Amino acid sequence: MLTGCSLLKLSPDLDAFGRHAIQLLAGPDSAAISAAIDPELRTEATWLEITKLRQILADLHADSTALVGWNIVSSPEGYSVGLSYELHGTGWELVRIAASGTARGAPLRITGFHYQPLTASLAELNAFRLTGKSWRQYLVLVSAIVFLIISVSTAVAVIRSGMPQRWLWAFVAVTGVGVCGIDWTSGESYVRPLYVQLFGAAFARAGPVAPWVISCAIPVGAAAALWKRDLFLKHAARPAERPAPEHTTG
């Protein structure tokens with residue numbers, strides 16, 4: 001998950017809130033749970049889900065709880081928090097807690113929760129592997145590598161050519177248009193035809209245990225920079241035109 005508001009480290013108070021919320025939902029104190037959740041969640045369906053989560057965590061016998069992601073969104077009306085925890089015991093479970101507050105420092109109230117069984121730790125599930133992937137994943141990976149090589153090599157060629165405004169054209173050379181990306185773990189893909197991406201490729205993940213996302217963009221800028229470079233080289237290769245000799249009479 002992306003860390004919201006450029007927060008590279010979560011506040012210990014928010015982490016403590018998330019851990020306490022999990023313990024609260026897993027515990028038997030219904031009155032405390034009712035006071036901690038948003039009034040709109042106090043429905044029969046919510047209590048049924050809380051009962052399921054309580055049984056799952058009881059069977060899990062968790063021996064560790066690790067924070068694996070968070071998201072914070074602020075607005076004039078208040079702020080909302082999303083916290084994800086990986087629990088390990090007899091198996092693995094991912095629990096997400098959503099909460100909101102009217103202002104920073106104000107008490108948070110649980111606005112939602114989600115739980116998901118895992119077959120292994122997220123670090124293992126989302127590790128980068130080349131085996132067992134679909135043809136779409138291989139296609140995006142190869143395209144990203146090829147487009148990256150094209151963009152960088154074109155930028156170097158433009159800089160070395162000595163052409164006017166070569167640094168500007170080098171920047172154009174590493175600009176790709178039309179982004180296609182894919183989640184390396186799930187295989188879920190997306191296409192954004194109007195997006196611009198530098199270097200024609202990106203290899204990124206939102207956190208240390210998040211899935212890798214690989215994307216590529218058509219190196220349109222490299223094609224334009226090569227065209228401009230060829231025009232410059234052709235013009236430079238032409239012999240200089242000498243003025244015609246003057247003829248005098250008398």
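Where is the place of Q165? Q165 sits in the loop between α5 and α6, where helices (H or I, at least four residues) and strands (E, at least two) are DSSP runs numbered from the N terminus. The model is predicted, so that local features need pLDDT of at least 70 and side-chain atom pairs count only at pLDDT 80 or more, while totals for chains, interfaces and linings use all residues. Residues are numbered from 1 along each chain as its sequence is written, and side-chain values use heavy atoms, with hydrogens and water left out.

- Q165 has a phi near 55 degrees, a positive value in a residue other than glycine.
- Q165 is exposed, with a relative accessible area of 56%; here buried means under 20% relative accessible area, exposed over 50%, and partly exposed in between, with a 1.4 Å probe and protein chains only.
- F199, in the loop between β6 and β7 (201-204), has a positive phi of about 65 degrees although it is not a glycine.
- F199 is partly exposed, at a relative accessible area of 39%.

**Nonpolar surface patch**

- A nonpolar surface patch of about 760 Å² is made by I145, L148, I149, V152, V156, F171, L198, F199 and F203.
- Patches are made of residues with over 30% relative accessible area and no salt bridge, like charges being joined within 9 Å and nonpolar side chains (Val, Leu, Ile, Met, Phe, Trp, Tyr) within 5 Å.
- A salt bridge, in turn, is a side-chain nitrogen of Lys or Arg within 4 Å of a carboxyl oxygen of Asp or Glu, and accessible areas come from the Shrake-Rupley method with a 1.4 Å probe, where for residues only the protein chains shown count as cover.
- Helix α5 (residues 135-161) gives the most to this patch, with five residues.
- V152 is found in helix α5 and is partly exposed, with a relative accessible area of 35%.

- W169, A170 and A173 are buried in helix α6 (residues 166-173).
- Seen down the axis of α6, its buried residues fall within an arc of 110 degrees, so they line one face of the helix; the arc is that of the directions from the helix axis to the C-beta atoms.
- W167 and F171 are exposed on the other side of α6.
- The cover over the buried residues of α6 includes α5, β5 (175-183) and α7 (220-237), with contact meaning heavy atoms within 4.5 Å.

**Aromatic pairs**

- The structure holds two aromatic pairs, for which rings of Phe, Tyr and Trp (its six-membered ring) must have centres within 6.5 Å, planes under 30 degrees apart counting as stacked, over 60 as edge-to-face and the rest as tilted.
- F128 and W184 form a stacked pair, at 5.1 Å centre to centre and with 15 degrees between the planes.
- Because F128 lies in the loop between α4 (122-125) and α5 and W184 in the loop between β5 and β6 (189-198), this pair ties together parts that are 56 residues apart in sequence.
- F128 counts as partly exposed at 39% relative accessibility, whereas W184 counts as buried at 1%.
- Y138 and W184 form an edge-to-face pair, at 6.4 Å centre to centre and with 80 degrees between the planes.
- That pair links distant parts of the chain, with Y138 in helix α5 and W184 in the loop between β5 and β6, 46 residues apart.
- Y138 is partly exposed, with a relative accessible area of 30%.
- F128, Y138 and W184 form one aromatic cluster.
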